[in-house]
Amino acid sequence: MTHTHAISAHDLTKTYTFHQQRAGLGGALKSLVRRKYETRLAVDRVTFAIEPGEVVGLLGPNGAGKTTTLKMLSGLLYKTSGDLDVLGHTPSDRKHDYLRRIALVMGQKTMLWWDVPAMESLLLHKEMYGLSTVEFERNVAELAELLDVQDLLNVQVRKTSLGERMKLELMAALVHGPEILFLDEPTIGLDVVAKARVRSFLADVNRLRGTTILITSHDMDDIEALCSRVMIIDHGRLQFDGALDDLVRTAQPRKLVRATYATPVDVGPLTAFEGVSAVEVDGLTVRLEADRARTGQILEQLTRLGPLVDLDVADADVEEIMRDLFLRRGEAS
Amino acid sequence: MIRNLRILRRMVAAEIAQQSIYRGAWVIFMLANICTPLISLLIWRTALANGAQLPVDERYITTYFVLLGIATMTTSSWMAGFLANDIRLGKLSSWMVRPASLLLGFVANNLSEKFLKVFALIPMLGVVWWIFRDSMNVPPGFGRWALFVVTLVLGAILVFTIDILIAAFAFWMDDVSALVQARVIIGSVLSGAVVPLALMPEWSRGFINYQPYRYTVSFPVEIVAGNLSSTELMTGLAVQIGYVVAVGLLARFVWAAGIRAYSAVGA
Amino acid sequence: MRHLRLWRRFFAQAVVRETHYRAHFLTTLLVGLVQLGLGIVPTLLLFGFTQEVHGWTRAEVIALVGVYQVVTGLMATFIGPNLNRMTSYLTEGELDAVLLRPVSSQFYLTFRWINVAELSNVASGIIVLAFGLVQSGLTPNVGQVLQAVVLVMCGLVLLTAVWSALVYSAFWLQSVGPIGIVYLSVVEAGRYPLTFFPVPVRSFLTFVFPVAFATTYPLQALSGDLGWGSVGLGIGLSVIAVLLIRLVWQRGLRTYASASS
């Protein structure tokens, strides 16, 4: 095995066995005696390679196999078949040497201990990862400065805000200097400022330390800000693997436009205009979807309709882009 | 009343459906439930065999401890802590606006758990009974068994009302968990769940025989295990019914006062 | 030894935590004392009817209750807080966070949490033990005390192994949340000398659920009735138990990693 890739997967597959809970009292009593088992294909022959220092976004609808893939990569789940090599290791062996070189952060699950200050958690990490005092102090100082959390280290974790906690979470994950960082929805539930903060921090870590980052997110901004490359998983299959620009070009996602006027307007002319769809009027507010390539012209058109009070242009979120993408694929095949 | 019963039936069915998911848990609970009396049984039989002069014989001890598990289980109540929590956190309000009695949910929960526990317990009880079949007291005829069931039901009601009474203190106190714990510990000794009340020292007789906890667990078991004359039996039953009524009235009174205090503050 | 340093960190953290919850300490202490008193009631009643049972006097059985209190106190301090949350580790996915660490996951899950307040029960147990020993007029020499200490340690290892085996069943069966209660119920047998039980039960309490090594044998060692042979047996059994429980853990983990989602 050559170690030029940070991660390489070939025909990676995972199937689950689970039991069905039947509904109703009768059903409950029946499953009391016997349970029915079924298997489901969660990840289906996925092949890819990631180079050291890359930042890759892993996208897909809920239940598509993102988390399963992430768990196999980090060694929490055994693969059912296929080949998987991360940093020259088989992750599921969970060799201590391997675990020292990776980290996993899950947005919804805290790995910090609530009842004690974050510093206590960090000290535990120091012992767990066998860091020397010099190394530990240097890393803590560096990360604390990058994240601006010097004042938070000695506060009980339960007393910190969600955004602060995420920063501390990232700090704990990075204090042992992992080569690969797996992130599962790192910005979920954070406000705009905190999200931006987390993104710029991750970009810094990637630039300064050369850390390879694999990230799943629902937030297109996360992906746009960080990832040069995205992989899309749906129904367990790898549907797309390439540059983000290519994805946008392929998907042709529409912009969501919302215009509010001072006086009621006639939207008649709009519907005839090329690249406009799904026009909705709600009092003084007009909503529509605009073709990406023609957004400029369409906005111009909107200003001519009447006195504008407010104009808002947004990207469709990742889920929508993908739904669009998959729909089109389904039609094409 | 009829409507409440119908609601109760619905709720019990729903609870059973929900709780039967934890089938493993019920078996485990009952396994633990039968362990403690079994250990006591073995100890006291050894003492007897070793020549200890007990006021009761081996048959009494054996029957007592074999039936103890089912008696503690059917009469148990774990509501006080939850109810007190609901009171303290102000969850009561959402119940008070519903057109069903507030305690119905707790009764349903209690009944359905017992239903499932009986399922898990009976086979284990059968095995233990079979092991000790030679030294079990089996009263002839149907009468004592019927009384056993009746006094068990009364005992269950008594424990349940005591629980309501204790939980009601949450209307005035911040933390009743200590009170709940004290109730459990005192109850386990005075109800005869740790040591048969017949083995309590002579000087404590008068108190032991007439304190309420005897009528939660010990009394039903005593009916089957033997030694009670018909007079004692009738007196016991009267005392038990008396306690059920008295504690019931007291609980009702305290509860109503609590609700008034609660509504006044408007938590 | 990295794991030892890690454990020291666990302990330090537990002390920090405890200082935040002073009421918890007091409640634990009071409940422990009441339970201790309650545990002695049957013994006192029993010896109200007889002078001795199978060669054990009341004072000796009280000393035994003291040892029992020390052992259960130690278990509740260092082992209980961990094994009691095993099911939540498995069902809430908290185990994942542990598996990612470069430390033995079994070590972590057995020793991570420490309930410092329970140490008060160890203290009260020592007092009861001392009281029982004085009453019974036993004066153990240094060798006997050493035997007793080694046996108690074997008992702790064996009980931990049995309790672990019980909770690890969660890997294969769903809903074993309350299985700790089974352990707590059976361990109650340790309040009484082994000879108080019928012969088949004695074998059970020695080899299957070896609470005998935690209470009866140490007390017999203190009264000089026990040779080094039994100590050897205890050490041998402990080694086997540790090896077995490691095997069960590895098998369980294999199931977990192929089944969880």
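Analyst: Start with the surface of chain C. Its accessible area is about 11,000 Å², and 68% of that belongs to carbon and sulfur atoms. (Accessible areas come from the Shrake-Rupley method with a 1.4 Å probe; for residues, only the protein chains shown count as cover.) This is a predicted model: local features need pLDDT of at least 70, side-chain atom pairs count only at pLDDT 80 or more, and totals for chains, interfaces and linings use all residues. Residues are numbered from 1 along each chain as its sequence is written, chains are lettered from A and ligands numbered from 1 in the order in which they are written, and side-chain values use heavy atoms, with hydrogens and water left out.

Chain C holds twelve helices and two strands. Here helices (H or I, at least four residues) and strands (E, at least two) are DSSP runs, numbered from the N terminus. Along the sequence the order is α-α-β-β-α-α-α-α-α-α-α-α-α-α. The radius of gyration of chain C is 19 Å, close to the 18 Å that the globule rule gives for 261 residues, so chain C is as compact as a globular protein of that length. (That radius is taken over C-alpha atoms; the rule is 2.2 Å times the number of residues to the power 0.38.) The C-alpha trace of chain C spans about 60 × 40 × 35 Å along its principal axes.

Next, the inside. Of the 261 residues in chain C, 56% are buried. Buried means under 20% relative accessible area, exposed means over 50%, and partly exposed lies in between (1.4 Å probe, protein chains only). Among contacts in chain C between residues at least 6 apart in sequence, 80% join residues at least 24 apart. A contact means heavy atoms within 4.5 Å.

Charge comes next. Chain C carries 15 positive and 9 negative charges, and their mean positions are 13 Å apart. Lys and Arg count as positive, Asp and Glu as negative; His and the chain ends are not counted. Each charge is placed at NZ of Lys, CZ of Arg, CG of Asp or CD of Glu.

Now the annotation. An unreviewed UniProt entry places the feature "transmembrane region" at residues 21-49, 61-80, 113-134, 146-173, 194-214 and 226-249 of chain C. UniProt positions are given in the numbering used here, feature names are shortened, and annotations may be inferred rather than shown by experiment. Two of these segments can be checked against the model. Residues 61-80 of chain C are 100% helix and 0% strand, with end C-alpha atoms 25 Å apart. Residues 226-249 of chain C are 92% helix and 0% strand, and their end C-alpha atoms are 34 Å apart.

Look closely at helix 9 of chain C, residues 179-187. Helix 9 of chain C is mostly covered, with seven of its nine residues buried. They are C:I179, C:G180, C:V182, C:Y183, C:S185, C:V186 and C:V187. Within chain C, these residues pack against helix 3 (58-83), helix 8 (142-168) and helix 10 (199-208). They also pack against helix 2 (23-49) of chain B.

One backbone detail stands out. C:H54 sits in the loop between strand 1 (52-53) and strand 2 (56-57) of chain C. Most residues other than glycine have a negative phi. C:H54 has a positive phi, near 45°. With a relative accessible area of 42%, C:H54 is partly exposed.

Chain B is the partner reached by helix 9 of chain C. Chain B has eleven helices and zero strands. Its radius of gyration is 20 Å, close to the 18 Å that the globule rule gives for 267 residues, so chain B is as compact as a globular protein of that length. Of those 267 residues, 53% count as buried. Chain B exposes about 12,500 Å², with 69% from carbon and sulfur atoms. In helix 10 of chain B (residues 218-225), eight of the eight residues are buried, so this helix is largely enclosed by the rest of the structure. B:G226 follows helix 10 of chain B, with a positive phi near 115°.

Chain A has twelve helices and 13 strands. Its accessible surface is about 15,200 Å², and carbon and sulfur atoms supply 50% of it. Of the 333 residues of chain A, 50% are buried. A:E185 is one of the residues that count as buried, at 7% relative accessibility. A:E185 lies in the loop between strand 6 (180-184) and helix 7 (192-209) of chain A, and has a positive phi of about 50° although it is not a glycine.
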